[in-house]
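Good morning, and thank you for coming. Please look at the structure on the screen, and we shall then go through some of its details together.

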Amino acid sequence: MENNNLFKEITDSYTVCFAENCTKRECCMRYIAYRRLPDDTKRHSCVLPKVWDEPQCPEFVEFKLEHKAWGLKRMFDRVVQADAVRMKSQVMKYLGGHTAYYRYYRGEKLLSEEQQEWIANLFRQKGYSADNLFEHYVDRYNS
């Protein structure tokens with residue numbers, strides 16, 4: 001992915017950090033996003049300086065490429081109906097409820113690697129294959 005397209009998912013509402021003296025600034029998504037703001041930006045959501053005094057920044061977001069997924073339409077096709085109902089309920093609860101589940105289902109939100117692994121483990125625990133659970137994959141920097 002080219003650096004010019006690096007932050008295409010980050011919206012105007014993404015919180016940035018301008019802590020020039022932070023030791024983690026080079027690997028923090030918030031600081032890197034701050035450095036990439038257009039020069040004419042006059043107002044933006046930012047981390048307040050009071051968090052800089054904390055031992056570990058609660059706003060730190062590691063800058064790393066993730067293999068994200070979406071599309072859950074065929075996830076339960078190979079699952080027995082009685083199991084599918086229970087498993088779908090568990091996945092919905094894990095992802096934050098009915099609305100959140102359908103946002104992942106439609107691709108409005110992307111599943112992190114951690115979320116993908118949780119779902120795959122649920123399938124394995126129930127005795128099902130965890131192969132090809134998701135329909136689409138894309139590499140994106142986390143945000």
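The side chain of Glu66 comes to 3.2 Å from the backbone nitrogen of Glu113. Please bear in mind that this is a predicted model. Where does Glu66 sit? It belongs to strand β1, which covers residues 65-70. Is Glu66 buried or exposed? Its relative accessibility is 9%, and buried means under 20%, so Glu66 counts as buried. Leaving aside residues up to four places away in sequence, Glu66 is in contact with Ser112, Glu113, Val138, Asp139, Arg140 and Asn142.

Let us turn to Asn132. This residue lies in the loop between α4 (113-125) and β2 (136-141). Its phi is positive, at about 55 degrees, although Asn132 is not a glycine. Why does Asn132 count as exposed? The reason is its relative accessibility of 65%, because exposed means over 50%.

Rolling a probe the size of a water molecule over the atoms shows where empty space is left. How much space lies in the largest pocket? The value is about 310 Å³. The largest pocket is lined by 19 residues, and those closest to its centre are Cys22, Thr23, Lys24, Trp52 and Cys57.

Thank you for your attention.

Conventions:
Residues are numbered from 1 along each chain as its sequence is written. This is a predicted model: local features need pLDDT of at least 70, side-chain atom pairs count only at pLDDT 80 or more; totals for chains, interfaces and linings use all residues. Side-chain values use heavy atoms; hydrogens and water are left out. Helices (H or I, at least four residues) and strands (E, at least two) are DSSP runs, numbered from the N terminus. Buried means under 20% relative accessible area, exposed over 50%, partly exposed in between (1.4 Å probe, protein chains only). A polar contact is a pair of N or O atoms within 3.5 Å; within protein, one must be able to donate a hydrogen and the other to accept it, and residues adjacent in sequence count only if both atoms are side-chain atoms. Contact means heavy atoms within 4.5 Å. On a 1 Å grid over the protein atoms alone, a cavity is a set of points where a 1.4 Å probe fits but cannot get out, and a pocket is an open set with protein on both sides within 12 Å along at least five of seven lines; lining residues have an atom within 4 Å of a point. Grid points are joined across faces, edges and corners, and a volume is the space filled by probe spheres set on the points.
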